[in-house]
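Student: Could you take me through a close look at one part of this model, the aromatic pairing and what surrounds the rings?

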Amino acid sequence: MVAKQIAEKLISENAIAIFSKSYCPFCKRAKEVISGLSVEPSKIGTLELDEVNDGPEIQNYLAEKTGQRTVPNIFISGKHVGGCDDLLRAQQSGELQQMVGKL
């Protein structure tokens, strides 16, 4: 299954993996929050699902893996964080800073 390999590669090779869609306002917001963190840009991997041939299959795989159908779908250190609202909650609680402090 190519979609699984693509998704798992992005998750395993990046400290932060973001599965996104280029036109999605929630994805843009999440990427802004993440770019504002003290994480090297080279440690952040983003895949725009609307710009790759396997996008729908990758999104289906992520839905099976995480139970989340929507984007953004965010992973930090291989751990599923969730979407934009989850990221913002983690930022407000200080949990996000703790997660990225270890990167």
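Tutor: Let's begin with Phe75, which is buried, with a relative accessible area of 2%; buried means under 20% relative accessible area, exposed over 50% and partly exposed in between, with a 1.4 Å probe and protein chains only. Do keep in mind that this is a predicted model, in which local features need pLDDT of at least 70 and side-chain atom pairs pLDDT 80 or more, while totals for chains, interfaces and linings use all residues. Residues are numbered from 1 along each chain as its sequence is written, and side-chain values use heavy atoms, leaving out hydrogens and water.

Searching the whole structure turns up one aromatic pair. The ring centres of Phe19 and Phe75 lie 6.0 Å apart with the planes at 80°, so this pair is edge-to-face. By definition, rings of Phe, Tyr and Trp (its six-membered ring) pair if their centres lie within 6.5 Å, and planes under 30 degrees apart count as stacked, over 60 as edge-to-face and the rest as tilted. Phe19 is buried too, at a relative accessible area of 0%.

The pair links distant parts of the chain, 56 residues apart: Phe19 sits in strand 1 (residues 16-20) and Phe75 in strand 3 (residues 73-76). Strands here are DSSP runs of E, at least two residues, numbered from the N terminus.

Now follow Phe75 across to its neighbour: its bridge partner in strand 4 is His80. Strand 3 and strand 4 (residues 79-82) pair in the antiparallel sense over three bridges, where pairing takes at least two bridges found by DSSP. Their hairpin has two residues between the strands, and Ser77 there takes a positive phi near 55°.

Definitions and conventions: Helices (H or I, at least four residues) and strands (E, at least two) are DSSP runs, numbered from the N terminus.
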